[in-house]
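Please work through the exercises below with the sequence and the coordinates open beside you. Each one gives a task and then a solution in steps.

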Amino acid sequence: MSSTRRNQHPERGVVLEARDERKVTRPRMFRVLLHNDDYTPMDFVVRLLQAVFHKSEGDATQIMLHVHNSGVGVAGVYTHEIAETKVAQVHILARKHEVPLMSSLEPEDDPDAER
Ligand code: TYC
């Protein structure tokens with residue numbers, strides 16, 4: 001039976017499961033953190049936030065100062081694969097410029113989690 005015929009006459013064809021029980025979920029999101037240290041120059045961190053995280057100079061400066069003053073701060077929020085890539089880019093740039101800048105991931109609370 002053609003699909004057109006089945007759609008017009010469902011009683012003659014295969015009955016498909018009426019409800020699709022799959023849930024549409026948003027991807028889990030991850031914060032990319034920058035950690036303070038005593039050696040990485042402030043202007044290096046600002047330029048890295050502009051280059052890797054697409055921040056304006058003003059936003060990059062605010063984030064850098066927040067990390068400098070409180071020890072850790074959020075550079076951006078991404079899906080897992082992109083967040084992992086950002087962390088790797090930070091570490092590659094830090095190694096290349098011989099600074100000890102550290103970055104890590106932290107999961108956001110899952111908005112689709114069952115309670
Ligand atoms: N604390 C560094 C300094 O005084 C600056 C700095 C800011 C380093 C943020 C790392 O993630 C960082 N030069």
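**Exercise 1: a glycine and its surroundings**

Task: state in which strand G73 has its place, and explain why G73 counts as buried.

Solution. G73 has its place in strand β2, residues 72–79, where helices (H or I, at least four residues) and strands (E, at least two) are DSSP runs numbered from the N terminus. The model is a predicted one, in which local features need pLDDT of at least 70 and side-chain atom pairs count only at pLDDT 80 or more, while totals for chains, interfaces and linings use all residues. Residues are numbered from 1 along each chain as its sequence is written.

The next step is burial: a residue is buried if 20 or more other C-beta atoms lie within 10 Å of its own, exposed if 12 or fewer, and partly exposed in between, with C-beta atoms placed from the backbone. G73 counts as buried because it has 20 C-beta neighbours inside 10 Å.

Finally, consider contacts, which require the C-beta atoms of two residues, placed from the backbone, to lie within 7 Å. Once neighbours within four places in sequence are left aside, G73 is in contact with L33, L34, I63, H66 and V67. From V32, G73 is 41 residues away in sequence, yet their C-alpha atoms are 8.4 Å apart in space.

**Exercise 2: the two sides of α3**

Task: find which residues of α3 are buried, and say what they pack against.

Solution. Begin with the dimensions: α3 has 14 residues and spans 20 Å from its first C-alpha to its last, close to the 20 Å expected at 1.5 Å a residue, the expected span being 1.5 Å times one less than the number of residues.

The buried residues of α3 are A60, I63, M64 and V67. They lie on the same side of α3 because they cover an arc of only 100 degrees around the axis, the arc being that of the directions from the helix axis to the C-beta atoms. These buried residues pack against β1, α2 and β2, whereas the face turned away from the buried side carries the exposed residues G58, N69 and S70. Just after α3, G71 takes a positive phi of about 100 degrees.

**Exercise 3: the whole protein**

Task: describe the order of the elements from the N terminus on.

Solution. The protein has four helices and three strands, and from the N terminus on its elements run α-β-α-α-β-α-β. Of its 115 residues, 17% are buried.
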